[in-house]
Amino acid sequence: MSSRDPMPRVEGPTPGLDGVASEGTLSVDGPSVDTTLPLAAPSPDAARSVGTRSMDEVRTDDAAISADAAYVQPVPSAGVTPVVSARGVHKAYMGGDGQPITVLDGVDLDVAPGEAVSVIGQSGSGKSTLLHVLGALDLPTAGEVRVSGKPLAGMDEEALARLRCGTTGFVFQFHHLLREFTALENVMMPQLIRGDAPRAATDRARELLAAVGLESRLHHKPSQLSGGEQQRVAVARALANRPLILLADEPSGNLDPQTGTRLHDLLFRVCRDEGAAMVLVTHDLALAARADRVLRLQEGHLVSAAESLRGLPA
Ligand SMILES: Nc1ncnc2c1ncn2[C@@H]1O[C@H](COP(=O)(O)OP(=O)(O)O)[C@@H](O)[C@H]1O
Ligand SMILES: [Mg+2]
């Protein structure tokens with residue numbers, strides 16, 4: 001941030017700043033700022049999922065996904081309190097004709113610390129809606145969402161705002177950067193809202209932007225960045241407050257395969273090594289397969305998508 005362009009005072013959570021985190025249980029400090037690839041040591045999962053095929057080779061659209069799902073009630077390991085949990089979640093929207101459209105029709109999901117769940121599904125199947133409900137950006141019509149065992153329904157607006165800013169890192173399908181602010185300022189913003197000192201927020205923002213390969217674009221505004229660069233800033237912003245929950249909505253749609261892989265490595269590193277619970281929406285089956293579980297949203301339900309992954313490198 002230049003002295004000519006001071007950061008205005010921020011009164012509270014701002015739409016589009018839903019990135020981020022909680023108290024110190026996570027860290028992307030230190031080695032994670034290494035800008036060489038890979039950002040994290042490849043996990044067995046990563047090796048299994050990516051193999052030797054390029055992301056382009058395995059990228060597929062929904063039409064290629066077979067309709068083979070068995071209904072599942074996904075639950076993490078016994079005895080572990082899920083970071084985020086959904087029970088019987090319904091979401092309906094009012095259609096143009098005044099008739100409600102049911103998008104989520106009884107979704108159950110638990111995601112444990114350090115666990116990655118990917119969600120695939122046709123366009124319009126409700127994937128973004130599900131992430132919004134899990135991230136407290138939208139309310140379910142019925143059913144319950146809990147974060148670290150606490151029902152969102154019992155929280156007032158202030159607590160929900162704290163949760164969105166302090167616990168959840170959201171990488172939106174459309175990056176939703178603040179247009180008037182530079183890349184550095186966009187990544188600083190969630191930290192300043194949380195009350196971090198500007199110096200610390202600057203250091204961390206620089207570190208994260210370096211981790212996504214944008215150390216030379218710190219002072220560019222979104223209009224001066226390519227679509228892929230904007231999305232990388234959005235990922236850095238999502239990680240700024242060390243999220244306990246990482247919700248990523250088609251995070252690499254605008255990116256070339258190499259840059260996409262680098263970002264995915266960063267997201268999986270935060271999940272695997274730092275204990276964030278991750279829900280990742282993607283059309284890319286190779287990316288989906290890096291997760292512990294791959295689910296498909298179909299007719300308002302989460303079903304196993306294991307069969308869809310047949311043929312990917314084992
Ligand atoms: N605010 C809204 N009002 C009415 N309908 C909506 C709204 N948001 C989403 N929908 C509808 O809900 C369905 C699911 O949308 P979405 O969750 O964005 O799907 P996906 O992310 O899987 O493509 C779509 O049919 C969409 O038109
Ligand atoms: Mg969507």
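Modeller: Start with burial: a residue is buried if 20 or more other C-beta atoms lie within 10 Å of its own, exposed if 12 or fewer, and partly exposed in between, with C-beta atoms placed from the backbone. The model is predicted, so local features need pLDDT of at least 70 and side-chain atom pairs pLDDT 80 or more, while totals for chains, interfaces and linings use all residues. Residues are numbered from 1 along each chain as its sequence is written, and chains are lettered from A and ligands numbered from 1 in the order in which they are written.

Helices (H or I, at least four residues) and strands (E, at least two) are DSSP runs, numbered from the N terminus. The protein has nine helices and ten strands. Of its 314 residues, 48% count as buried.

Now take α7, residues 227–239. Helix α7 has 13 residues and spans 19 Å from first C-alpha to last. That is close to the expected 18 Å, where the expected span is 1.5 Å times one less than the number of residues.

Eleven of the 13 residues of α7 are buried, so the helix is mostly covered. Glu229, Gln230, Gln231 and Arg232 are among them.

What do they pack against? The partners are β6 (168–171), α5, α6 (198–211), β7 (245–249) and α8 (257–274). Contact here means C-beta atoms, placed from the backbone, within 7 Å.

Eleven of its twelve residues are buried, so α5 is largely enclosed by the rest of the structure. The buried residues of α5 include Leu184, Val187 and Ile193. They pack against α4 (157–166), α6 and α7. After α5 comes glycine 195, with a positive phi near 105 degrees.

A nonpolar core is a set of buried Ala, Val, Leu, Ile, Met, Phe, Trp, Tyr and Cys residues joined through C-beta atoms within 7 Å. The largest one has 77 residues, and Val187, Leu246 and Met278 have the most contacts inside it.

Look last at methionine 278. Beyond its neighbours within four places in sequence, methionine 278 is in contact with Ala116, Val117, Leu246, Ala248, Leu267 and Cys271.

Terms used. Two residues are in contact if their C-beta atoms, placed from the backbone, lie within 7 Å.
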